[in-house]
Amino acid sequence: MNILFTAEYDDTLIEEVQKLGNVDIQGWAKGIGKLSEEELLSLVTDVEVIVTSYDDITEAVIDAAPSLRLIFCTRATPVNVDVDYAREKGIKVLFTPGRNSDSTAELTIGLMLSIARNIPFAYEELKKGNYTGSKDTDNQVKAGLKRDVVWGVGPQSPYVVFKGVELKGRTLGIIGYGSIGRRVAAIARGFGMRILVFDPYVSNIDVDTLTTEKVGIDRLLTESDFISVHLKVSKETENFFDKRAFEKMKKSAYFINCSRAAGSE
């Protein structure tokens, strides 16, 4: 069996794949990036299996591989594979739903913490040398009190400018309660957050608990302190967040979009 392997991998995985046949490691798997269609055309002539992460497996690539029987895309959704044409040719397409769900959920929570506590903004000011004080200035304190490094609590002090808000007790609105949305909710509960969910494809019985509730989109928009979006790209979700949606949000709300990017045609 001839296998073209252009996906990300670890040593254990590639050893198992090599037991199946002749493996040609190219492109991303060699650390040289995504292959062009022209490069793929020259590599697939005798290939029976393609294992890829990011290369575009187009109609032309499929036609150039008359022996091709299987395309394995190591992504959660095979957006880089012409699945319809592969189906027409009788070629099976495998992919890995949920592969990046944990990492995306962790990133979402990381972004929430960053904007809630102004971490990147405080770091940038620290890099610039602001709010660090002078080395020659003695930190004056009242007799009997320990030395403090808060630099005061005036309106322009770093304590006031960067302290932000806590996640505990805040309301998180999750739009799209699939593999990623559910993981975000699970982590957010650990912070003591209340969760509101909008997803017409899940039932109340799958969502409603003491801390989580399925609601309509308008209620989610008006009550949430944080809104996290995890929607698939489709005609139904195109322009889902418009001016009206943003106007319904609290002025103090934070908006995080971790959905897949999609360009306009």
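**Figure 1. Pairing of strands β6 and β7 in the predicted model**. Strand β6, residues 171-175, and strand β7, residues 194-198, run parallel and are joined by five bridges. One of the residue pairs is formed by Thr171 and its bridge partner in β7, Arg194. In general, the strands of a sheet pair through backbone hydrogen bonds, in either a parallel or an antiparallel manner.

**Figure 2. The five-stranded open sheet**. The strands follow the order β8-β7-β6-β9-β10, and their pairing is parallel. Strands β8 (212-214) and β10 (254-257) form the edges, each pairing on one side only. From one strand to the next, the twist averages 20°.

**Figure 3. Helices α5 and α8 against the sheet**. Helix α5, which comprises residues 101-116, lies across β6, β9 (226-229) and β10. The helix runs at about 150° to β10. Helix α8, formed by residues 179-190, packs on the sheet and touches β6, β7 and β8. The direction of α8 makes about 170° with that of β6.

**Figure 4. The salt bridge between Arg183 and Asp102**. The side chains of these two residues meet with an N to O distance of 2.8 Å. Arg183 belongs to helix α8 and Asp102 to helix α5, and the pair links distant parts of the chain, 81 residues apart. Arg183 is partly exposed, with a relative accessible area of 31%. Asp102 likewise counts as partly exposed, at 46% relative accessibility.

**Figure 5. The salt bridge between Lys89 and Asp63**. The closest N and O atoms of this pair are 3.7 Å apart. Lys89 is partly exposed, at 45% relative accessibility. Asp63 is also partly exposed, with a relative accessible area of 41%.

Figure 6. Glu223 is partly exposed, with a relative accessible area of 26%, and Arg219 counts as partly exposed at 31% relative accessibility. A search of the whole structure finds 14 salt bridges.

How values were computed. Residues numbered from 1 in each chain as written. Predicted model: local features only at pLDDT ≥ 70, side-chain atom pairs only at ≥ 80, totals over all residues. Heavy atoms only, no water. Pairing = 2+ DSSP bridges. Helix = DSSP H or I, 4+ residues; strand = E, 2+ residues; numbered from the N terminus. Axes fitted to C-alpha atoms, helices over the stretch in contact; angles between N-to-C directions. Contact = heavy atoms within 4.5 Å. Salt bridge = Lys/Arg side-chain N within 4 Å of Asp/Glu carboxyl O. Buried < 20%, exposed > 50% of the residue type's maximum accessible area, 1.4 Å probe, protein only.
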